[in-house]
Amino acid sequence: MTSRKVQKDLMTFIMYIFGFFLLWEWLRPLEQLTDTSNIGVFLLFIFTSLLLSFTGTSVLIGGCIKWVFIVVALHILYIDEAFFQFKWVFIFITDFIESFQLVIARDWANLSNLFRSFLFFVLLWLMTYLIQYWLINRMQILIFFFMTLVYITVLDTFTPYEAGLAIVRTVISGFAVLGMLTFFRLLDKEGIKKETTLSRKWMVPLVTMIVVSVGFGLAAPKAEPIWPDPVPYLTSYGKESGEGTGVQKIGYGLDDSSLGGPFIGDNQVIFTVEAESRHYWKVETKDVYTGKGWITSGSREVRSPFGSADQVPITSFFNSPGVEIVKESSTVYSLTNNSHIVYPLGIKKLDAASFYSFELEVDTEKIHSLEGDSPASIKQYTLDYAVPRYSVTALNEASSEENIAENNELINRYTQLPEDLPLRIQELAKEITDGKDSWFEKARELERYFSRSGYTYDQKDVAIPADDEDYVDQFLFDTKQGYCDNFSTSMVVMARSIGIPARWVKGYTEGEYKGISESGSRMFEITNNNAHSWVEVYFPGIGWVPFEPTQGFSNSVQFNFDTASQSHDLPPEMNPEELEKDKPELKENNEQQPVANEGSFKKFFIPIENFFEAYWKMIALAILVLAVCAFVIYRIRGRWLPYYLTWRFKWTRKDENFQKAYLLLLRELDRYGLHRKDGQTLRDYADYIDRFFSSREMGRLTARYEQLIYRGSLQKGSWMETKELWENLIKKTIA
C-alpha cells in the first residue's frame with residue numbers, strides 16, 4: 001500500500017490530538033493499578049512521536065530523535081552518573097546484557113526497571129506508529145476505538161479503576177476522529193479539494209452531535225444494572241471455607257497478627273522525600289511468627305530515647321571489610337499526623353527542630369517522635385545514612401560454624417517458629433537450597449524461588465487461612481497467589497526452618513519519582529499504595545541484609561561479586577561486641593534492587609568502563625564529527641541520492657519494481673522543488689514536469705503507472721522498456 005502524504009492543516013492536527021487522547025486512556029490506569037511511575041515521561045514521548053509524524057519528519061531523523069529521547073529519559077530516571085561523563089554507558093550495557101539473559105531464561109520477574117522501561121518505550125513507539133498508520137494511511141480507527149472502550153470497561157469491572165470519566169473522554173475522542181476520517185474519505189472518493197469552508201461545514205454539525213449526545217447521556221436518568229457486579233460473585237467462592245472474608249484498605253497498620261485477605265488501593269500521599277538515590281523506607285520489624293501472622297517477642301513500651309544531636313541507636317551492619325558504604329542524606333516531608341519516623345537502611349543521624357525528641361522501640365526498631373512527653377507529627381526532618389555495598393565473599397564466609405556459635409542467642413531469637421508448623425515447609429526449603437553451602441547462597445535461592453515456580457502477585461483474590469491452616473503453608477502449597485505479606489512471610493519462615501536467622505520488615509517502597517528539586521536531589525512521592533513488607537537476613541560479622549521475594553518488586557541492595565574481601569575506610573560504627581550487648585537495637589534495613597550477576601559482567605566490562613573514562617572526550621568528539629558528517633550527507637543528498645537510486649534499480653528486471661520506482665521518482669521531484677499541488681492529478685503533474693524539462697518522459701511513465709493502478713497488472717517486460725525513461729528523469733533531479 002502506498003504511503004499517504006500527511007496534511008498539515010488544523011483539522012488534521014486536531015485529529016492527531018484526539019489520537020493522543022485515545023492513547024492516553026491506555027496509560028491512565030497504570031498509575032493506579034501497577035507500580036508504573038513517571039507516566040508524564042511516557043506521555044511526552046507519545047506526544048513527541050505524534051508531533052514528528054504530523055510535521056512529516058523523515059523516518060531517519062524522527063527515529064534518531066526518539067532514540068535520543070529514550071536514552072535521555074532512562075538516564076534521568078535510573079542513572080546517577082553525569083550524562084556527559086559517559087560512565088552510564090557501561091551501566092546501560094551491563095544492565096541490558098543481564099536483562100537479555102533473564103529474557104532468554106524466561107525470568108520475567110527479575111528484569112530490571114531500566115530494561116522494563118525501555119521495553120515500554122518501544123511498545124509506545126509501535127502504538128504511535130499504528131495510530132499514524134490508521135489515521136493517515138488507512139483512514140480507519142474504529143478497531144482501535146473499540147479496543148480502547150473494551151480495555152477501560154474491563155478494568156472498570158474487574159479492578160479498582162473507576163472508568164466513568166474515561167469512557168466519556170474516549171467516546172468524545174473516538175467519535176471526533178471517526179467523523180473527521182469520514183470527511184477525509186469522502187473528499188478522496190469524490191476527488192474534491194479540501195477547503196476551509198468545507199471543513200467548517202462538516203465540523204460544526206459533528207461537534208454539535210458529539211456535545212448533544214454526550215450531554216444527553218450524562219443528564220439522562222440511569223436504570224439499575226440488569227446484571228449484578230461479577231467481581232463479588234467471582235470472589236465469593238471459598239468464603240464459606242474461610243477464604244477472602246474481608247477487604248482491607250492498603251497502608252501501614254499496627255496489627256499483623258492475622259494476615260491475609262484482599263485489600264483495595266489508596267492513593268493518599270503519606271510523605272514526599274528529597275533523596276540522592278532510590279531506596280525502601282522502613283517503619284518497623286517483627287520477630288515472632290504465630291502461624292497466622294506476626295507479633296513482637298517483647299513489650300513495645302521498652303524504648304530508648306535519643307535526640308537530634310545523638311546517633312540513632314540502630315545498627316544494620318558492622319564496620320567490617322565486607323561492607324563498603326557511601327554516605328547520603330534525605331529530607332522527608334510528612335503529609336499525615338503519624339507520630340513515627342520513616343527511615344532508610346544505614347540510618348545514622350535524625351535532624352529535626354530542637355523541641356522534638358525521639359524514642360526507639362527496642363524490639364521493633366520503630367522510631368517515635370515526641371514534643372515534650374506527647375506523640376507529635378514532624379512535618380519535615382533530615383536523615384543522614386550510609387548506603388551499603390555487601391561483599392559476596394564476606395557474606396559466604398559469614399555462616400561459618402565459629403561465627404554461628406558466637407551469635408547463638410541472636411540466631412535462636414530469629415529462627416523461632418511455631419511447634420505445629422507443617423513439616424513440608426521445611427522440606428520445601430531444603431529442596432530449594434539443596435547443593436548450596438552458605439547462608440547467602442541459600443537466601444538467594446529462596447528469594448528467587450517464587451519467580452520461577454508459578455506464584456502470582458494478586459491483591460484481590462487472596463485467601464485467609466482457616467483455623468486449622470498455617471498462613472505460609474496455605475500460600476506455598478494451595479493458593480500460590482497473594483501480595484507482599486505472603487511472599488515476605490513465606491521466605492522468612494522457610495529461611496528459619498533451615499536455621500537461617502531472618503525477620504519480617506514493614507515500611508514503604510521508594511514511591512513515584514517526581515523530578516529534580518531546586519537543590520538537585522530527586523523528589524519521590526510515597527502513598528498508601530507503596531506500603532510494603534520485605535525480608536532481612538542476619539549474617540554474623542556483617543549485619544542485616546534485605547531481600548525482596550515479592551513478585552514484580554525489586555530492591556536496590558548492592559552486592560560486590562568480588563573474589564576476596566578488601567579493606568575500606570569506613571566511619572566508626574558499632575563493633576560486634578557492642579552489637580552483642582545491644583542485640584535488640586542492632587537492626588535496621590532498607591531494601592533496594594539487587595543487581596543480578598553483577599560481578600561476572602562487571603569484571604568482563606571493567607576494561608570498557610576504564611576505556612570510556614579515559615577517552616570520553618575523544619569519543620564525544622568522534623560522535624560529534626559523525627553527527628556533523630551525517631547532517632552534511634543528508635543536506636547534500638540531492639547530489640548523491642539520484643545516483644544511488646539509479647544504481648539500486650539499474651540491474652532489477654522484475655516488473656513489480658516499477659511501482660516502487662515511480663513513487664521514489666515523485667518524491668525526488670518534490671525534493672528537487674517540483675511540488676505537486678493539492679488535488680492535482682498525476683497526468684496534470686506529469687504535463688507540468690514535461691514542460692519544465694522540455695521532454696515527454698514523465699507523461700509516458702505516468703501512463704504506464706495509471707495502467708498498473710487501474711488494471712492491476714502490467715504487460716510483461718514493461719519495467720525494462722521504461723527503465724531508461726525513469727533513469728533520465730532521476731538524473732535530472734541532481735542538485
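**A partly exposed valine and a buried helix**

Val628 counts as partly exposed, because its relative accessibility is 44% (buried means under 20% relative accessible area, exposed over 50%, partly exposed in between; 1.4 Å probe, protein chains only). The model is predicted: local features need pLDDT of at least 70, side-chain atom pairs count only at pLDDT 80 or more, and totals for chains, interfaces and linings use all residues. Residues are numbered from 1 along each chain as its sequence is written, and side-chain values use heavy atoms, without hydrogens and water.

Val628 belongs to helix H18 (residues 598-635). Helices (H or I, at least four residues) and strands (E, at least two) are DSSP runs, numbered from the N terminus. Val628 also contributes to a nonpolar surface patch of about 620 Å². Leu621, Leu624, Val625, Phe631, Val632 and Ile636 complete this patch. Patch residues have over 30% relative accessible area and no salt bridge, and nonpolar side chains are joined within 5 Å. A salt bridge places a side-chain nitrogen of Lys or Arg within 4 Å of a carboxyl oxygen of Asp or Glu.

Helix H15 spans residues 471-479. Its buried residues are Tyr471, Val472, Asp473, Gln474, Phe475 and Leu476. They pack against strands E5 (288-289) and E15 (481-482), and against helices H13 (423-432) and H16 (484-497). At the start of H15, a side-chain oxygen of Asp470 comes within 2.9 Å of the backbone nitrogen of Val472. Lys480 follows H15 and has a positive phi, near 55°.

The protein chain holds 23 helices and 21 strands. Of its 735 residues, 49% are buried.

Notes:
Patches are made of residues with over 30% relative accessible area and no salt bridge: like charges are joined within 9 Å, nonpolar side chains (Val, Leu, Ile, Met, Phe, Trp, Tyr) within 5 Å. Accessible areas come from the Shrake-Rupley method with a 1.4 Å probe; for residues, only the protein chains shown count as cover. Contact means heavy atoms within 4.5 Å. A polar contact is a pair of N or O atoms within 3.5 Å; within protein, one must be able to donate a hydrogen and the other to accept it, and residues adjacent in sequence count only if both atoms are side-chain atoms.
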